[in-house]
Amino acid sequence: MLKNRILIGRAEKKWTQQQLADAVGVSRQTIVALEQNKYNPSLVLAFKIAAALEKEITNIFEYRED
């Protein structure tokens, strides 16, 4: 399972879900699904999110075998 810290990254930047969605070119609903771990992003989207949040990808996404 791919876990993420998108919510934490957004909070640090004081961004709404919509602001992040606009920054990476997806819908707000996509950000909601990602934050709830209901959707795994493509590798490209994962890199875009990390870049938008000004973090290394490994600081935002972590793979765990469950």
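**Reading a helical fold: loops, faces and packing**

Author: Glu54 is placed in the loop between α4 and α5. Helices here are DSSP runs of H or I with at least four residues, strands are E runs of at least two, and both are numbered from the N terminus. The model is predicted: local features need pLDDT of at least 70, side-chain atom pairs count only at pLDDT 80 or more, and totals for chains, interfaces and linings use all residues. Residues are numbered from 1 along each chain as its sequence is written, and side-chain values use heavy atoms, with hydrogens and water left out.

Reader: What phi does Glu54 have?

Author: Most residues other than glycine have a negative phi. Glu54 is not a glycine, yet its phi is positive, near 60 degrees. Lys14 also has a positive phi, about 60 degrees, without being a glycine.

Reader: Is Lys14 buried or exposed?

Author: Start with the cut-offs: buried is under 20% relative accessible area, exposed is over 50%, and partly exposed lies in between (1.4 Å probe, protein chains only). Lys14 counts as exposed because its relative accessibility is 73%. Glu54, at 64%, is therefore exposed too. Gln36, in the loop between α3 and α4, has 46% and so is partly exposed.

Reader: Which residues of α1 are buried?

Author: In α1 (residues 6-13), Ile6, Gly9 and Arg10 are buried. Seen down the axis of α1, they fall within an arc of 100 degrees, so they line one face of the helix. The arc is taken from the directions from the helix axis to the C-beta atoms. Leu7 and Ala11 are exposed on the other side of α1.

Reader: What do the buried residues of α1 pack against?

Author: Contact means heavy atoms within 4.5 Å. The buried residues of α1 pack against strands β1 (2-4) and β2 (61-63), and against helices α2, α3, α4 and α5 (57-60).

Reader: At what angle do α2 and α3 cross?

Author: Two packed helices are described by the angle between their axes and the distance between the axes. The axes of α2 (residues 17-24) and α3 (residues 28-35) come within 8 Å and cross at roughly 110 degrees. That makes α2 roughly perpendicular to α3. Gln17, Gln18, Leu20, Ala21 and Val24 of α2 meet Arg28, Ile31, Val32 and Glu35 of α3. By class, this contact has five nonpolar, two polar and two charged residues.

Reader: Which residues have the most contacts inside the largest nonpolar core?

Author: A nonpolar core is a set of buried Ala, Val, Leu, Ile, Met, Phe, Trp, Tyr and Cys residues, joined through side-chain atoms within 4.5 Å. The largest one has 14 residues, and Ile6, Leu20, Val24, Ile49 and Ile60 have the most contacts inside it. Helices α2, α3 and α4 (43-52) each supply at least two of its residues. The largest share, five residues, comes from α4.

Reader: What does Val24 touch?

Author: Leaving out residues up to four places away in sequence, Val24 touches Ile31, Leu45, Lys48, Ile49 and Ala52. With the same exclusion, Thr30 touches Tyr39 and Leu45. Thr30 is in helix α3. At 18% relative accessibility, Thr30 counts as buried.

Conventions:
Axes are lines fitted to C-alpha atoms, for helices over the stretch in contact, and angles run from 0 to 180 degrees between N-to-C directions. Angles under 35 degrees count as roughly parallel, over 145 as roughly antiparallel, 65 to 115 as roughly perpendicular and the rest as oblique. Ala, Val, Leu, Ile, Met, Phe, Trp, Tyr, Cys and Pro count as nonpolar, Asp, Glu, Lys and Arg as charged, and the others, Gly among them, as polar.
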